[in-house]
Amino acid sequence: MKRLRAWFLAPSWTVMLSLFLFPMLIILAYSLLTRGTYGGISLPWSVESYQRFADPIYLGILWRSFWIAGASTVISLLLGFPLALFISRAGKWKNLYLSLVILPFWTSFLVRTYAWMFLLRDTGLVNSTLQKMGIIHDPLPLLYNDGAVILGLVYGYLPFMVLPLFGTLEKLDRNLLEAAADLGARPWATLLRVVLPLSAPGIRAGVILVFIPCLGAYLTPDLLGGGKSVMIGNLIQNQFTTARDWPFGSAISLALMAIVMPLLIAFVRRDEEGLL
Amino acid sequence: MESVLELRDISKHYPTHRAVNGVTLNIARGEFFSLLGPSGCGKTTTLRLIAGFEEPTSGEIRLNGAAIQHLKPYERNVSTVFQNYALFPHLTVQQNIEFGLRRKGENEIGRRVREVLELVQLGGKEARRPTEISGGERQRVALARSLVLAPDVLLLDEPLSALDPNLRKQVRAELKNIQRRVGITFLFVTHDQEEALSLSDRLGVMHAGILEQVGTPEEVYLRPSTRFVASFLGAVNWINDVGVRPEVTRVTKLAPDRHVRSHPATVLHSTFLGNCVHIETRLDDGQLAVAEVSRAEASFAPGERVHLWWQPADELSFK
């Protein structure tokens, strides 16, 4: 039995070790080396890259990334919760609505982000329509700012919020909602006192699934933020491309993980208490 | 007697079936009333109509004289003990019991919770979660959570069915005791005729959405108004379209006197049940009948010729 288990686990262990742990060790090694003259890495060993990250400019970018990812996560939750609740009550339409939520995944994220650029730019659909209707004279600055980045992130990651929320809301015992109403709770009180606390596992999963990729996003801030709205993902990407500073890029990547991991573990730990 | 709850010709029709069909019923204040019937007879739907989880297709529900059928569940002063208890898993026993009091903005929550905990003997379990207490305790929390609100009518949906049989009889006695002490009207839904007979001041028997008979346990058991009621409340021997319960059916080797109904029969089998013995017989015209007799009377062998008889007064007759 034990032997059988080892055989079944071997493929996933191999993948995890060779494609996750091993590259991580490479990045760790890179982060502790010196920048090569034409990119790449060279000796000697050094912790200088980590020291450079403490610069206020970079910490500012880190802070911006946290608040943009945080805002996107909160907005996704506020939009996703009612949507998931609605779908979980939709009866026979449930599967149709769920597939509509997943439908955007059928096209490339890149293409969809470009589509937002066409909608939001000065001569885009939104501005030109508003101008034709005479509501505005000059185009609104919809693109190339933090708002556009948050919009793009919410748009891209909303399904990751909706799906786990739907999972917990669908399993919610309907008798509990009836019991709450029976004991005098109005719909709003039932939502706050019963539905919300009992969907905590779904909220937690959704928040993690949205916050983590938003924090590391580089495509959306690059395209919709127009270089003005740099996030930590763009900074890392730059180090490996234009800046040709692999050790610094590696150091930022690992520093980010070192900051996020404890937060994540603390957040997941609360699961054991079963409360938000 | 003053009615606390009146159902006036209420019906609940679904596209595919009629769950409740023209039920009219008055329940007196302080009464322990049971709705008895097989599953699918409409008794739980009736309860849900009163609680407000469903709206009747037609008819009127009056609580203390006021029509409530259009009110939301949280606007009605009735409370439900659910079959699966529906305790809030994220709240402690104390918080579960406080839930309704807080929603209604009541005063003296601490004192009232303590009193009801004492009533249902749950003192010391306040800080536990529903998953950390036994099934019997969960049932009492569900009861306490509703009782603490002092509802005009407490609705109980098969509250004993989730308990194991040994516990069920004990909890049944406790339930009756609690109802007497608090004096709240109980409307108890069950499919178990023994439960309904032993607990109720009066009971109603439902079948296919229709309330077939309402009466005291004695009335319903001894003078059932339909064949269904007769059969559902206990075993019946149907002999030439006359119903006789096994416990009033006698078996003797000698012919009885002429004032009783008597049929010659052959013993097929006898079944020992501990407190009594069931003698299964076949009448000479082929009909089968069972007599429930005490152990002392039960010395019959299969194939033995006997007389099966009963008093005419014990016959069940229907309009």
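**Entry 1: where the chains meet.** I began with the contacts between the two chains and found 18 residues of chain B touching 17 residues of chain A. I keep in mind that this is a predicted model. Next I asked which elements of chain B give two or more residues to that side. They are β6 (78-81) and α2 (93-103) of chain B. Helix α2(B) supplies the largest share, three residues. I then sorted the chain B side by class: nine residues are nonpolar, five are polar and four are charged.

**Entry 2: the sheet.** I looked up an open sheet in chain B. Its four strands run in the order β2-β1-β4-β5, with antiparallel pairing. Which strands sit at the edges? I noted β2 (18-28) and β5 (66-67) of chain B, each pairing on one side only. I followed β4 (residues 58-63) of chain B to its partner β5(B) and counted two bridges, antiparallel in sense. There, B:Leu63 faces B:Ala66 of β5(B).

**Entry 3: a helix on the strands.** I turned to helix α1 (residues 43-51) of chain B. This helix lies across β1 (3-13), β2 and β4 of chain B. I read its angle to β2(B) as about 65 degrees.

**Entry 4: the cores.** I looked up the largest nonpolar core and found 91 residues in it. Which members touch the most others? They are B:Ile50, B:Ala144, B:Leu155 and B:Leu187. I picked B:Ala144 and set aside its neighbours within four places in sequence. That left contacts with B:Ile97, B:Val116, B:Leu117, B:Val120 and B:Leu122.

Terms used: Residues numbered from 1 in each chain as written. Chains lettered and ligands numbered in written order. Predicted model: local features only at pLDDT ≥ 70, side-chain atom pairs only at ≥ 80, totals over all residues. Core = buried A, V, L, I, M, F, W, Y, C linked by C-beta atoms within 7 Å. Buried ≥ 20, exposed ≤ 12 C-beta atoms within 10 Å, placed from the backbone. Contact = placed C-beta atoms within 7 Å. Pairing = 2+ DSSP bridges. Axes fitted to C-alpha atoms, helices over the stretch in contact; angles between N-to-C directions. Nonpolar A, V, L, I, M, F, W, Y, C, P; charged D, E, K, R; others polar.
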